[in-house]
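Look at the sequence and coordinates first.

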Amino acid sequence: MSAVHVIPSTADLIAEVAHHIGVVETDLTRMLVVFPGKRPSHVLRKVLANRRGSAFLPPLVFSYDEFIDHLRKEHLGGKGRDIDMLDAASLLYEIHSVSPRLGGDHFASFDRFLPLGFRLFDELEELLLAGADAKHVAEELGSLTFGERHLLAKYYEEFYDRLKRNGLSTRSTRLVEVATRAGELDLSRYTRIILAGFYALTPTDRRLFERLAKTDHAVMIFQDGPGLKNQIGWLLDGDDSSGQMDLFEGSVSSEGKRGGPRIHFYRSTDTHGQVFALSARLKSILDEGKPLDERTVIVLPSSESLFPVLYQALSLFEEEAYNISLGYPLARTPLYGLLGSLLDLVAGAQGEAVHKNAYFRFVLHPYIKNVRMTGRTDVTRVLFHALEETLAREGATIVELRDLEGRHVLFERIAAGLSSETEPLSATALKEHLKSMHDRTIRPFLKPETLGAFAQKIRDLVFFISDESTAWRHPLFARYAGKLLEIVEVILRSEAATRVFDDATSYATFLRSYIGPQAVPFPGTPLRGLQVLGLLETRSLSFDRVFVLDASDDILPGGRSAGMLIPQKLRERLGMETHRDREKLIEYHFNGLIEGAKEVHVFFMENDSRQRSRFIEKILWKQTQENDGSPMGTVRYRIHLAQREPQPIPKTESVAGMLRDFEFSTTALDVYLKCQIRFYYRYILGLEEREEVREEIEQLDVGNLIHRILKEFFDPLIGTTLKKRDLDTAKLESLIDAVFEKTFGLSQNGAVYLLKRQTQAKLREFLEEYQMKIVETQTVELLGLEQKVSAVKDGAHLSGRIDRIERRGDGKVYILDYKIRHDDTPYRVAWKKFDPAVRKTWTESIGSLQLPMYNLLYSEISGEEVGKIVPAYVFLGRNYLDPTIETGLSKDGIVTEEMQRNLHTVILGLVKEIQDPEQQFLPASDLKKECPGCPYQVMCGTQWAKEGRW
């Protein structure tokens, strides 16, 4: 008859186990100890060695899973190949392929079924451990019709029948086999069997424990904690044949007992605040000369805090002074990120035509852009960044790999810039290098093949990155790569290796559902150094000093999983774990960790979206009842909130010299008119925002697209008088189709399709309601499109690009500039405020100098009189596109020659002011109007300036 001991939560479980083993005998191999996890075995052996002080043969120490496998193989002669979730999902798919099936035809293909298959396998395993038979499952699930989850009974019965027929096993079938055949176990070879530290047991676990409880040399040691009495009450059912229950006494020695811990709480608004507070506390302990050894633990319930702790708090220690033992999600590693960006690229590809933004997300990943060429890593970086800048200026969002490999002019420019006498570089070599990278990274994944072939491609990619790039220099790359290659080997050995997915998109889904959730191990040992563990890794262990991070309610106990197939009520009736059970389990282990320590520091976040854990609330409430409040610290940041006014920037001699030869564009003068400091940053220092390939279709992209279509449509008509027959809407729509296909590819869904329909409608209306009506009322001779013009006027070098120039029947030349927006207010001149003799009024009254500049330039290069040149905007964003969309510089449309010349005076006056070496660059006069949205806000310190408020 076994002995059952329940020791206090403040006791040391390992010391209690060591007490039951003793140290008299030299050979302890006939003793068997079982813990829930693996880590306590290391501590137990160390405790026994310290007590004995000499060599000995240690007992057999197993984790629970190791214990089950040991009993099955060594005592019951169990056989059968173990399978993992991928093999299980493949087998479940065979069952799923026969109607009726879950989800109907939605999960008909293997790739669509796979994420469901993984979830299904997890729940079937739980059902088996709950001891539910197929009939019971069918009865309980029979009332469920939504989502056809009542069919789970069919999957449950057939899946385990097939496993048995095929000689396969899972964790649950192995445990059920051992529990069912427990009566056959001959455990006489062991002088003592100790099971310690268990809490939540499934019905199958209980069957095995009941058999072990009948063994007179078995000892079961439980540690008190929330809900334990309910968990082990089944050991007391019936008479005392179940064993001797020794509640809350145990036999633990005095060195294993502890008093209540001193608990300190620290709240912060974010993770960084927690880590900074942790670092400060660790440093304080070190400064006091106190030890931070294996009796100290940093507990991370969320792996998201691992790297902030590693690079901030643990930077205080030598690497040998701590060890980490927890899993880190592969999905959060840069190697997984690289695979994700590659598969997203492939998923959106049409043959070898790929989306520009997806392409650059992949090739600009550090592992790719640092691939060596002739031993140099800078070549690949320059190559891809140059390609990005070039394509960002182009309107197309789709690009062919062969097109990228054929940009010889770009290759020549890069080669010239990177070549030296000792290291010459040719355009041909650059082309071959780019093609080789496409061949070894992107092209292999473009064609869907078997899952095994896909895994092989991942392996080849990892080896390529490791061999050819600087990725191996990353301190953790080998660990990430090792885990990924381990997964690849599992896939290659799997029954699913021969299955083929429908398309490349499915591989990205497989990456997220199977590869991403797997954990990269950070193996460690509890025998040396400061410990960094996950919460469950602390099971059965005691520490003197405990630091717990992320004690927020969404992490401790955590949110409820929404992915379960069986509802909570039915899970409870079927004997499966529920959300409530999971919460109790987390609370039990958290309580044991806290109660077993001498000193505890708990860090948590409190902000608009997070609140402290309910477990902390319970501790605080208990302390309030006992009049023993723990200190609560708050992590605060020191922030300087004074509003800073931008200061004038003086012109140096070199800047003044540069400005003497500066070519002034309309954009440059508009920028200067609004904010002289912005002009300085952009045109003197050259600090432009880097043009990047954008995710969404923005107004700038739409504008470039419209300009391109109108340019191509009217280009053949330059030098002719426009006729009604020239304004062919069918020709226009054909041109729009061609431009959109070249820009966005053949697949035009969602936003692209909508934009195309809008473009067709608007430009058709532009031809019929605007252009046609003008042609009907007067002659229109088209003189130029997208014409670059420049001239030198009074020593000022001016330039611009005019969208359209035409001469009409009234003999005047019309200079037109297309605008995609509808509001003309930002471009007008407020003539009532404007005074050419008063500098202050220029900024206040002039919206833009674009049209006045075009008037001046065209007059200079053509000899046309200023009064016979009519500049105007054409607002294509208006609701109705008739001749009224053509708008000049004044609201009433009247702009005299004198008004034009006054604006010319402003242009030349601004140039003179800019070139004046004594004139400083001044900030905008209206910061709340000009600073919001400015890319130089941080440099000026005007982030505080918000439109409409200060």
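This is a predicted model: local features need pLDDT of at least 70, side-chain atom pairs count only at pLDDT 80 or more; totals for chains, interfaces and linings use all residues.

Q: Which residues of helix H6 are buried?
A: Helix H6 spans residues 134-141. Buried means under 20% relative accessible area. The residues of H6 that count as buried are Ala 134, Val 137, Glu 140 and Leu 141.

Q: Why do the buried residues of H6 lie on the same side?
A: The residues concerned are Ala 134, Val 137, Glu 140 and Leu 141. They sit on the same side of H6 because the arc they cover around the axis is only 130°.

Q: Which residues are exposed on the other side of H6?
A: Exposed means over 50% relative accessible area. On the other side of H6, the exposed residues are Lys 135 and Glu 139.

Q: What volume does the largest cavity have?
A: Rolling a probe the size of a water molecule over the atoms shows where empty space is left. The structure holds three cavities of 30 Å³ or more. The space in the largest cavity is about 170 Å³.

Q: Which helix gives the largest share of the lining of the largest cavity?
A: The lining has 15 residues, and Gln 223, Ser 540, Tyr 588, His 589 and Gly 592 lie nearest the centre of the cavity. By class, four are nonpolar, nine polar and two charged. The largest share is four residues, and it comes from helix H25 (residues 579-595).

Q: How many residues in the lining of the second largest cavity are nonpolar?
A: This cavity has a volume of about 100 Å³. Its lining counts 15 residues, with Cys 675, Cys 931, Cys 934, Cys 940 and Thr 942 nearest the centre. Helices H29 (676-684), H36 (927-930) and H37 (937-940) each give two or more residues. Two lining residues are polar and two charged, while the nonpolar ones number eleven.

Q: Is Gly 22 buried, partly exposed or exposed?
A: Gly 22 sits in the loop between helix H1 (13-21) and strand S2 (31-35). Because its relative accessibility is 24%, Gly 22 counts as partly exposed.

Q: How far apart in space are Gly 22 and Leu 48?
A: Leaving aside neighbours within four places in sequence, Gly 22 is in contact with Leu 28 and Leu 48. Gly 22 and Leu 48 are 26 residues apart in sequence. C-alpha to C-alpha, the distance is 8.1 Å.

Definitions and conventions:
Residues are numbered from 1 along each chain as its sequence is written. Side-chain values use heavy atoms; hydrogens and water are left out. Buried means under 20% relative accessible area, exposed over 50%, partly exposed in between (1.4 Å probe, protein chains only). The arc is that of the directions from the helix axis to the C-beta atoms. On a 1 Å grid over the protein atoms alone, a cavity is a set of points where a 1.4 Å probe fits but cannot get out, and a pocket is an open set with protein on both sides within 12 Å along at least five of seven lines; lining residues have an atom within 4 Å of a point. Grid points are joined across faces, edges and corners, and a volume is the space filled by probe spheres set on the points. Ala, Val, Leu, Ile, Met, Phe, Trp, Tyr, Cys and Pro count as nonpolar, Asp, Glu, Lys and Arg as charged, and the others, Gly among them, as polar. Contact means heavy atoms within 4.5 Å.
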